[in-house]
Amino acid sequence: MAELEKAIGYHQEQLLLCPNYHSARPQALNSLGMELRELFDHTGKMENLDEAIGYHREQLQLCPRGHPAHLLALNNLGNALQTRYDHTGEMTDLENAIRYHKEQIEICPTNHPNLSATLSSLGNALKTHYNHTGHMTNLERSIEYHRKQLALCADGHTGRAIPLHTLGDGLHERFKQTGKMADLEEAIMLYTELLQLRPIGHPGRLAALNNIGSALYTRFQTKRDIDDLNECICHYREGLTLRDIDHPEQGVTLNNLGVALSSRFEQSRDNADLEECISCHRAATAHSSSPPSSRLGSSTNWIREARAHSASSLIAAYSSALTLLDQSILLSSNIQDRYTRLCYSRVDTKHIAIDAAAHAITIGELQTPLDDLGLVDKELADRFRTLSVTIEKSTLSYGPEEPESFERDDAVARYRERAEAWDKTVEEIRLLEGFESFLRETPFTTLKKAAAAGPVIFVNISQFRSDAIIVMEAGEPLSISLPEAVLPAIERLSQKLNETITDLPEVQVGNRILTGILRDIWNMIVKPIVHHLENTLRIPRNSRIWWIPTSIAWSLPLRASGPFTPGERNMPDRYTSSYAPSLSSLLRARTGYQVTNDSSGPRMLLVAQRAAEGEMQQLVSVDREVSLIQQLPTRISVVEGIGCTREAVLAGLKETCWAHFACHGKQHATEPFKPQFSLRGGDALLTLLDIIQNGLPYAELALLSACHSAEGDKANPDEIIHLAAGVLFAGFRSVAGTMWAMADEDRPVIAEAFYKYMFRNGPGAVDCRDAAAKALAMGVKELRRRKVPFDRWINFVHYGI
């Protein structure tokens with residue numbers, strides 16, 4: 001490292017002595033770029049790679065087409081951009097790399113010594129683009145270029161192993177998409193030749209064994225020839241003998257062997273295969289030298305096998321998967337990427353937490369973020385993220401690209417060095433106050449403090465079983481079986497509710513349908529819970545309770561359910577319901593709250609917009625709503641009309657304690673972090689992501705008098721991504737919103753009843769901890785008194801304290 005840094009210093013000095021258009025400047029730029037890329041390989045610091053790319057760009061500018069170094073400059077920039085894509089996932093980098101590699105091939109003579117490497121780079125980049133987009137055209141072109149490369153590397157050519165590997169990979173993948181058997185047979189033939197070129201003792205033999213093992217397993221799945229499966233298992237077992245078990249490549253081998261043994265167990269019913277299969281997946285999950293995403297995939301395989309065969313290790317598999325899920329999510333530097341990684345990963349993780357809870361309840365073992373760290377110690381947070389991303393994106397290839405063993409061993413050493421640095425960084429983080437449980441489960445003794453003001457009720461709907469768990473500040477959690485709340489029935493109920501709300505029938509018909517839905521929710525889920533609240537826990541009537549539903553249960557108005565029978569009370573008449581995304585979010589909302597003692601009342605921001613530009617529907621009642629709020633005995637800043645811009649609202653939110661939004665709200669169908677308030681002028685939309693990233697130092701209470709402000713992501717119901725939960729996450733402690741479109745005439749009714757209750761004791765004695773939920777209940781009560789249709793009053797929901 002010291003020698004490399006010294007060389008970089010020398011070439012930086014050389015560059016200063018070579019002004020623009022100096023004949024030696026391109027070579028100096030080339031040397032600096034290559035050395036900084038090597039430094040990046042050692043440190044994983046993106047600034048090194050970014051600087052290298054800058055030098056390579058300038059090198060290309062100084063070496064246009066026709067310049068002797070033009071090909072070299074194209075190659076350097078293309079390879080550097082592809083490396084950056086590997087670490088950031090930025091598609092623009094990959095597409096530019098493909099463009100530069102294509103230009104190389106267009107002008108590269110057929111006898112040029114670098115043509116083979118260029119064909120390889122372009123083929124690899126196109127395959128990567130296919131992996132990201134699924135566009136078959138890119139896969140076809142990748143195969144075409146790798147086939148051309150193989151033609152340049154005849155038998156005995158020292159570089160033949162590379163196209164044998166890459167062409168085999170392309171053909172194997174094309175078979176998976178098209179089912180064309182000739183592609184798979186050719187891939188196996190290429191892998192067989194590759195294995196012959198990698199005798200025992202060769203550093204590339206492990207990768208070659210994994211390649212042919214994988215292709216043989218694919219052929220077994222198609223032809224069900226047990227000989228293919230047995231040969232595949234032999235190759236994987238040999239692979240495990242070639243390297244130390246903690247070698248980074250062994251995690252993949254362990255997982256592959258586990259999958260193959262599972263298939264053989266299905267054929268043979270030999271318990272030895274099953275036991276070895278689960279052991280392999282468990283070892284691959286615990287393989288600390290493998291990236292978290294790879295280990296997460298192994299953990300889901302472990303879960304599948306352990307559950308299918310009632311293995312005692314299932315609870316450990318779930319625990320490992322949840323820990324690895326946390327680590328994988330933290331690799332992303334922004335919220336949207338974390339959500340995408342969570343929901344659209346190749347590893348299906350959507351129901352892990354729900355199913356884990358169901359299993360823990362079954363066996364009676366109910367056990368009880370990086371953004372926050374950045375506020376306390378930014379350097380430590382940045383170091384953790386850099387190390388995590390570097391480990392995750394490490395290009396320890398499973399192909400033969402490193403023909404010299406010392407090069408591969410050097411890469412392995414760097415990988416282990418980074419893994420050790422990651423472990424030390426995590427321990428350093430855990431020394432900080434408030435981060436003792438970083439990447440660990442938060443102790444239940446801490447979490448249950450969230451129930452300080454009333455019981456918190458989890459509703460867990462799983463494919464295996466459904467239960468409620470009531471958490472109290474004192475005592476142990478109470479588990480309640482919900483045998484009637486089977487997942488298919490709850491899904492049908494949710495669909496029926498959505499269809500009814502989306503296409504509302506005549507009022508009496510709609511009320512009758514919704515009454516039936518609310519009665520079913522009561523019987524399937526809420527009635528057994530209320531029985532225990534009233535009779536086991538003796539929770540007094542009209543007390544506060546909090547709901548934390550999971551999965552599809554988020555879409556159901558539990559708070560509004562009831563028997564709807566004369567003489568019996570429904571939920572709104574029994575308890576005051578609130579919601580929370582999690583115990584930790586509720587605990588965070590409680591922590592550090594101080595009652596406003598200012599006699600002039602809390603500072604309030606009123607965002608009012610009758611209709612945004614281009615929208616047809618006018619919110620006629622907004623004027624009445626604004627008039628009522630302006631009469632409140634507190635300090636109010638109004639943002640409305642042409643001045644209702646994104647910038648003005650974000651600036652106001654930074655200074656306010658309370659916020660009231662009276663405008664259109666929208667849920668984004670495909671991007672859950674883009675639910676938005678419609679404003680006017682300039683950037684006419686304020687998104688959830690804008691609010692979360694804005695910073696809200698004084699935030700307490702938000703009333704979202706807007707449509708769909710508490711409607712979640714229908715495509716991923718496990719994830720609570722909507723305006724109300726996002727505003728709570730951003731820093732507000734108490735939030736009221738709506739689950740679907742609200743009636744315009746209900747705005748002033750809710751606002752008047754809500755703030756009348758909030759200011760019942762005067763502006764200097766406002767306490768959000770209890771008042772906000774009850775204030776919303778008063779508004780709902782007034783709507784019920786006016787006998788509005790059911791869909792209008794069950795719409796409103798409260799989050800937080």
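## Helices H8 and H9

H8 and H9 are roughly antiparallel to each other, a label for angles over 145 degrees. Their axes cross at roughly 155° and come within 8 Å. Axes here are lines fitted to C-alpha atoms over the stretch in contact, and angles run from 0 to 180 degrees between N-to-C directions. H8 spans residues 161–178. Helices are DSSP runs (H or I, at least four residues), numbered from the N terminus. The crossing of H8 and H9 is left-handed: the near helix is turned anticlockwise from the far one by less than a right angle.

Contact means heavy atoms within 4.5 Å. On the H8 side, the contact residues include Leu164, Leu167, Leu171 and Phe175. On the H9 side, they include Leu184, Ala187, Leu190 and Leu194. The contact divides into 11 nonpolar, 4 polar and 5 charged residues. Nonpolar covers Ala, Val, Leu, Ile, Met, Phe, Trp, Tyr, Cys and Pro; charged covers Asp, Glu, Lys and Arg; the others, Gly among them, are polar.

## About the model

This is a predicted model, where local features need pLDDT of at least 70 and side-chain atom pairs count only at pLDDT 80 or more, while totals for chains, interfaces and linings use all residues. Residues are numbered from 1 along each chain as its sequence is written, and side-chain values use heavy atoms, leaving out hydrogens and water.

## Helices H9 and H10

H9 (residues 181–196) also packs with H10 (residues 205–223). The angle is about 155°, and the axes are 9 Å apart. H9 and H10 are therefore roughly antiparallel. Their crossing is left-handed.

Among the H9 residues in this contact are Leu184, Ile188, Tyr191 and Leu195. They belong to a set that meets H10 residues including Ala208, Ile212, Ala215 and Arg219. By class, the contact has 11 nonpolar, 4 polar and 4 charged residues.

## Ile105

Ile105 sits in helix H5 (residues 91–107). Leaving aside residues up to four places away in sequence, Ile105 touches Thr118, Leu119, Leu122 and Tyr145. Ile105 and Leu119 are 14 residues apart along the chain, and their C-alpha atoms are separated by 7.2 Å.

## The largest cavity

The largest cavity has a volume of about 40 Å³. A cavity is a set of points on a 1 Å grid over the protein atoms alone, where a 1.4 Å probe fits but cannot get out. Volume is the space filled by probe spheres set on the points, with points joined across faces, edges and corners.

Lining residues have an atom within 4 Å of a point. Among them are Glu625, His660, Met742 and Phe796. Strand E12 (701–705) and helix H29 (746–758) each give two or more residues. Strands are DSSP runs too (E, at least two residues). The lining divides into 6 nonpolar, 2 polar and 2 charged residues.

Note on methods: 1 Å grid on protein atoms, 1.4 Å probe; cavity = no way out; pocket = protein on both sides within 12 Å on 5 of 7 lines; lining within 4 Å. Parallel < 35°, antiparallel > 145°, perpendicular 65-115°, else oblique.
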